[in-house]
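My entries follow in the order I made them.

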Amino acid sequence: LACASRSLRASEEVVLEAVKSNGLALEYALGDLKRNRELVGEAVRNNGLAIQHADESVKKDRGICLAAVNQNGLALRFAPEHIRRDSEVVFSAVSQNNMALQYA
């Protein structure tokens with residue numbers, strides 16, 4: 001997706017397929033796509049660290065953050081403070097990767 005044209009990077013259908021195979025492709029999405037909960041959800045289920053490329057409004061979504069830390073506990077680093085204080089999210093993150101505790 002990094003080398004794709006602007007029109008392809010702005011296409012929900014194209015970006016959705018890209019993040020299904022590599023969640024970090026979310027970085028190259030254009031427009032409102034980084035606010036699209038379905039698309040971000042697919043990205044973080046593929047690679048939890050993709051949450052760092054999501055719009056701030058989506059990062060506030062507990063379900064998105066939980067999916068991210070379930071895939072990669074270190075994604076807790078990119079969650080907003082109120083999510084990092086959520087004991088269930090922190091437990092899930094630490095269960096996946098004990099190094100995530102440093103971000104709680």
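I am working on a predicted model, where local features need pLDDT of at least 70, side-chain atom pairs count only at pLDDT 80 or more, and totals for chains, interfaces and linings use all residues. Residues are numbered from 1 along each chain as its sequence is written, and side-chain values use heavy atoms, with hydrogens and water left out.

**Core.** I started with the largest nonpolar core. A nonpolar core here is a set of buried Ala, Val, Leu, Ile, Met, Phe, Trp, Tyr and Cys residues joined through side-chain atoms within 4.5 Å. Buried means under 20% relative accessible area, exposed over 50%, and partly exposed in between, with a 1.4 Å probe and protein chains only. The largest core has 30 residues. Val19, Leu26, Val40, Val44, Ile51, Val69 and Leu76 touch the most other members. At least two core residues come from each of α2 (12-21), α3 (37-46), α5 (62-71) and α7 (87-96). Helices are DSSP runs (H or I, at least four residues), numbered from the N terminus. Which helix gives the most to this core? I found that α5 does, with six residues. As background, nonpolar side chains tend to be buried together in soluble globular proteins.

I then listed the contacts of Ile51, taking contact as heavy atoms within 4.5 Å. Leaving aside neighbours within four places in sequence, Ile51 is in contact with Val44, Lys59, Ile64, Cys65, Ala68, Ala75 and Phe78.

**α2 and α3.** Next came the helix pairs. Axes are lines fitted to C-alpha atoms, for helices over the stretch in contact, and angles run from 0 to 180 degrees between N-to-C directions. The axes of α2 and α3 come within 7 Å and cross at roughly 20 degrees. The two helices are therefore roughly parallel to each other, a label for angles under 35 degrees. Their crossing is left-handed, meaning that the near helix is turned anticlockwise from the far one by less than a right angle. On the α2 side, I find Glu12, Val15, Leu16, Val19, Lys20 and Ser21 in the contact. The α3 side has Glu38, Leu39, Glu42, Ala43 and Asn46. I sorted the residues of this contact into five nonpolar, two polar and four charged. For the classes, Ala, Val, Leu, Ile, Met, Phe, Trp, Tyr, Cys and Pro count as nonpolar, Asp, Glu, Lys and Arg as charged, and the others, Gly among them, as polar.

**α3 and α5.** Here the axes come within 7 Å and cross at roughly 15 degrees. That makes α3 roughly parallel to α5. This crossing is left-handed. Arg37, Val40, Gly41, Val44, Arg45 and Asn46 in α3 meet Ile64, Ala67, Ala68 and Gln71 in α5. The residues of this contact divide into five nonpolar, three polar and two charged.

**α5 and α7.** The axes of α5 and α7 come within 7 Å, crossing at roughly 15 degrees. I therefore noted α5 and α7 as roughly parallel to each other. α5 passes α7 in a left-handed crossing. From α5, the contact takes Arg62, Leu66, Val69, Asn70 and Gln71. From α7, it takes Glu88, Val89, Ser92, Ala93 and Gln96.

**Single residues.** I checked Val14 in helix α2. Val14 is partly exposed, with a relative accessible area of 30%. Beyond four places in sequence, Val14 is in contact with Leu1 and Leu8. The C-alpha atoms of Val14 and Val94 are 80 residues apart along the chain and separated by 33 Å.

Leu30 sits in the loop between α2 and α3. Is Leu30 buried or exposed? Leu30 counts as buried, at 16% relative accessibility. Not counting residues up to four places away in sequence, Leu30 touches Arg6, Arg9 and Ala10.

Lys60 is in the loop between α4 (56-59) and α5. Lys60 is exposed, with a relative accessible area of 55%. With neighbours within four places left aside, Lys60 is in contact with Pro80, His82 and Ile83. Lys60 and Ile83 are 23 residues apart in sequence and 7.4 Å apart in space, C-alpha to C-alpha.

My last entry is Ala100, in the segment after α7. Ala100 counts as buried, at 0% relative accessibility. Residues up to four places away in sequence aside, Ala100 touches Gly73, Leu74, Leu76, Ala93 and Val94.

How values were computed: Angles under 35 degrees count as roughly parallel, over 145 as roughly antiparallel, 65 to 115 as roughly perpendicular and the rest as oblique.
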